[in-house]
Amino acid sequence: MADDPRQREWREEAPHYDDPDRFTVELDHNGFLCGLKEHLQYVGGTVDYFDNCNTDTFSLLWLEDFVKQGGNEITEKTKFYWCVPGSDMRDGLCLVENDGDIVAMMAAVRDVKTLSILVAHNNFLQGLRTDVFVPDVLVPIPSKYTGAGDGAEQEKEIDEEPASSACLSSGELHSEDEDDGDTDSDFYDSDYDAEDGDDDLFLDNIDKDVNDNNECTYIVECEDDAGLDHDNLKLTNEQQKLLEYKFKEFNPEVDMATPVFKVGMLFSSMAEFRKALTAYGVNERVKIRKSRNEATRLDAHCEEGCPWMIKVSEEKREGAIVVRQHCSEHTCERYWELKSLTAPFLTQIFIDEFRDNQKLGLQAFAAKVQRKFNMCPNRFKLGRARKAALNIIHGDEKEQFALLCDYGQELRRSNPGSRFFLSTNQIKEAADDVPKEHLATLYWSYDACKRGFLEGCRPLICIDGCHIKTRYKGNLLTAVGIDPNDCIYPIAMGLVEFECTSSWEWFLTTLRDDLGITNTCPFTIMSDRQKAAAHFPIPRVQQPLPEESAFVVLQEKNCHLQG
C-alpha cells in the first residue's frame with residue numbers, strides 16, 4: 001500500500017512530512033556492539049532508512065520486517081534498541097520489548113521525525129556482556145497514547161511503570177473495588193475482608209520452601225554498577241583479552257561463496273583474505289586494486305572516485321589477520337569482464353557441480369557461470385577449469401597405480417584370507433634407456449565375500465568384462481553370484497590388458513584355486529558371450545578344469561544378465 005513504510009533508495013532525498021504522525025526510522029544493522037561503559041560502540045553496521053512510518057500503526061512487527069528486508073533473520077538473540085533524542089547509545093539506549101516501549105518511542109518522534117534504532121544480532125548487552133548497563137529512560141507520553149476512557153488515571157499508571165501495579169497495597173485495592181460499580185453482590189462478603197493481623201496468619205501457616213505447583217521461581221539479583229566496572233572484575237589477562245577482542249571469524253567453507261567484510265573480522269591467513277577479496281570482486285563485478293600488498297598488511301581500493309576501501313593487517317594478540325578499516329559503499333560501474341575470473345577460481349567454485357555430473361559440457365557450464373556471476377568467459381578458460389576439476393576428482397592415475405603394491409600389502413595385513421595377485425612385464429619404450437615394469441594382470445578378492453558366497457549363495461557364477469576408459473585403458477573382469485535376495489553378490493575381480501581367451505583362462509583358474517573348488521559339478525557359469533564368443537569357445541573355457549568334471553556354460557546371445 002502507498003501508506004505503508006518503504007525503504008529509501010540510494011541517493012534519494014529525505015522526505016518532508018506535513019502529517020505530524022509520519023516519521024522516518026534510521027535502522028543500523030549487520031553490526032555488533034562492543035566496548036565497556038563509555039567505550040560502547042556499534043561496529044561494522046549498515047544504515048538503512050525507512051520512510052513514511054505512521055505512529056498509529058507502528059509496532060515491533062514493522063521492525064522485524066525492516067530487518068528481514070536487509071537480508072537478516074530474526075532469532076531469539078535479536079534485540080532492538082532505540083536512542084532517546086538528544087542522547088547517544090552510552091546514556092540514552094533503551095531496549096524495545098513490548099508495546100509500552102513502542103508507545104514511548106512514538107511520543108519521542110513527534111518532534112524529531114527521525115528515530116534511531118540499533119539491531120543487536122548476538123544479544124550482546126543482555127547476554128554476553130553483563131558489565132554494560134542500559135538505563136531505563138522515561139519519556140513523557142501525550143494523552144493521545146493513554147486511551148479513551150479515564151485519561152488521567154491511565155496516564156498516571158503508564159508514567160509509574162506497569163510493574164508497580166503488582167505492588168499495590170491492600171488499601172489501594174480496596175479503593176479500586178469501591179469505585180467499581182459493576183461488582184457483583186453475590187460474590188461480595190464482608191467475611192473475606194482483611195483485618196489487622198491477618199498477614200501474620202499467612203506467614204505462620206504456609207511453608208515457602210514447598211512448591212506444590214512445580215512453578216519456577218525467578219530471582220532477579222541487582223548488583224551495584226561499581227561491581228561491574230572493568231577494574232573490579234578481577235579477570236586474568238587471558239580473560240580480559242577474550243572479553244575485549246572477541247570478533248567474528250571468517251569461515252571459508254560458508255562465507256567464501258559471498259564474502260561480506262566488516263571491521264574486526266578475523267582471517268586465518270593473508271592468503272585466505274586474498275581469496276576472499278578475489279571472490280568479492282567477482283561477485284560484485286568490480287575491479288579491486290591493491291595499493292599495498294605485503295605479508296602482514298594489505299590495502300585495497302576500488303576505481304578512482306569510488307569510496308570503497310579496505311585495510312587489513314596482522315593482529316598479534318589473535319595471531320590472525322584483522323580488518324582495520326572498511327567502507328562498503330560502491331559508486332562505480334559494474335564490469336562484464338574481469339581478469340580475476342580465472343580458471344582456478346571457476347574450478348574452486350564449481351568443483352561440486354562436476355562431482356555430480358562429470359560429463360557436464362562446456363555450453364551447460366557456461367550457462368551456470370552466466371547465472372551465478374552475470375559474466376561468461378571464453379571456451380578456452382571454461383575448458384581449463386573443467387579439466388582441472390576432473391583432475392582433482394580423479395586424481396593422478398600414475399600415482400594411484402604406483403600405490404597398488406602398498407594397497408595389496410595392507411589388504412593382506414588388515415583382512416587375512418583376502419587375495420591380491422599382481423604381475424608385471426618389462427617393456428622398453430622409445431624414450432626409455434632400460435626396460436621398465438608395466439602392469440600386466442591383477443586379481444583381488446575379499447575374504448568376507450568368498451566365505452559368504454560359499455556358505456550362503458547358490459552355486460552360480462556369472463562372469464563378465466568391461467573396458468576401463470581412463471588414461472591407461474585395460475579391461476575389468478568380474479565374477480559375481482546371486483544371494484538369497486536375488487541380488488548381485490561380488491566374488492572376485494581382475495584387471496587385464498585385453499579380453500581374450502588366455503586372460504579368461506587365467507582369471508577362471510585363479511578364481512577356482514582361490515575359492516578352493518575341488519568338485520566343480522555343482523557349479524554353473526553364466527556368461528553373455530555376446531562379444532567374447534570368438535575369444536573363448538566352450539572347450540577352451542573348460543580346459544583348466546579337471547577332465548572328469550566341467551562347468552556347464554549357459555549362453556544367452558544378444559542379452560545381458562540383469563540382477
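How many of the 563 residues of the protein chain count as buried? The answer is 35%, where buried means under 20% relative accessible area, exposed means over 50%, and partly exposed is in between (1.4 Å probe, protein chains only). Here are my notes on the rest.

1. Ground rules. You are looking at a predicted model, where local features need pLDDT of at least 70 and side-chain atom pairs count only at pLDDT 80 or more, while totals for chains, interfaces and linings use all residues. Residues are numbered from 1 along each chain as its sequence is written, and side-chain values use heavy atoms, with hydrogens and water left out.

2. The overall count. The protein chain has 18 helices and 20 strands; these are DSSP runs numbered from the N terminus, with helices being H or I of at least four residues and strands being E of at least two. A contact means heavy atoms within 4.5 Å. Take the contacts in the protein chain with a separation of 6 or more: residues 24 or more positions apart account for 59% of them.

3. A mixed sheet. Look for the open sheet of 6 strands in the order S1-S5-S2-S8-S6-S7, which has mixed pairing. At its edges you find strand S1 (6-7) and S7, each pairing on one side only. Two strands pair if DSSP finds at least two bridges between them. S2 and S5 run antiparallel and are joined by 7 bridges. One detail to click on: Phe23 has Cys53 in S5 as its bridge partner.

4. Helix H1 on that sheet. H1 lies across S1, S2, S5, S6, S7 and S8, and runs at about 105° to S6. For such angles, axes are lines fitted to C-alpha atoms (for helices over the stretch in contact), and the values run from 0 to 180 degrees between N-to-C directions. Just after H1, Gly71 takes a positive phi of about 90°.

5. Which residues of helix H1 (residues 60-69) are buried? They are Leu63, Phe66 and Val67.

6. Aromatic rings. A pair of aromatic rings is described by the distance of the centres and the angle of the planes. Rings of Phe, Tyr and Trp (its six-membered ring) pair if their centres lie within 6.5 Å; planes under 30 degrees apart count as stacked, over 60 as edge-to-face and the rest as tilted. By this rule there are 20 aromatic pairs. In one of them, the rings of Phe58 and Phe66 have centres 6.4 Å apart and planes at 45°, so the pair is tilted. Phe58 counts as buried at 6% relative accessibility, and Phe66 does too at 1%.

7. A second ring pair. The rings of Phe267 and Phe273 have centres 5.1 Å apart and planes at 75°, so this pair is edge-to-face. Both Phe267 and Phe273 are buried. Ring pairs also link them into a cluster with Phe250, Phe261, Tyr280 and Trp308.

8. An antiparallel sheet. Here 5 strands form an open sheet in the order S9-S13-S12-S11-S10, with antiparallel pairing. Why is one side of strand S9 (266-267) and of S10 left without a neighbour in the sheet? Both stand at the edges, each with a single partner strand. Helix H9 (residues 270-284) packs on the sheet, touching S9, S10, S11, S12 and strand S13 (320-327), and its direction makes about 10° with that of S11.

9. Inside that sheet. Strand S10 (residues 289-293) and strand S11 (residues 297-301) run antiparallel, joined by 4 bridges. They form a hairpin with 3 residues between them, and Arg289 stands opposite His301 in S11. S11 is also joined to strand S12 (residues 309-315) by 5 bridges, with Asp299 opposite Lys311 in S12.

10. One more helix. In helix H16 (residues 447-456), the buried residues include Asp447, Cys449, Lys450 and Phe453. The buried residues of H16 pack against elements including strand S14 (419-427), strand S15 (436-445) and helix H17 (501-515).
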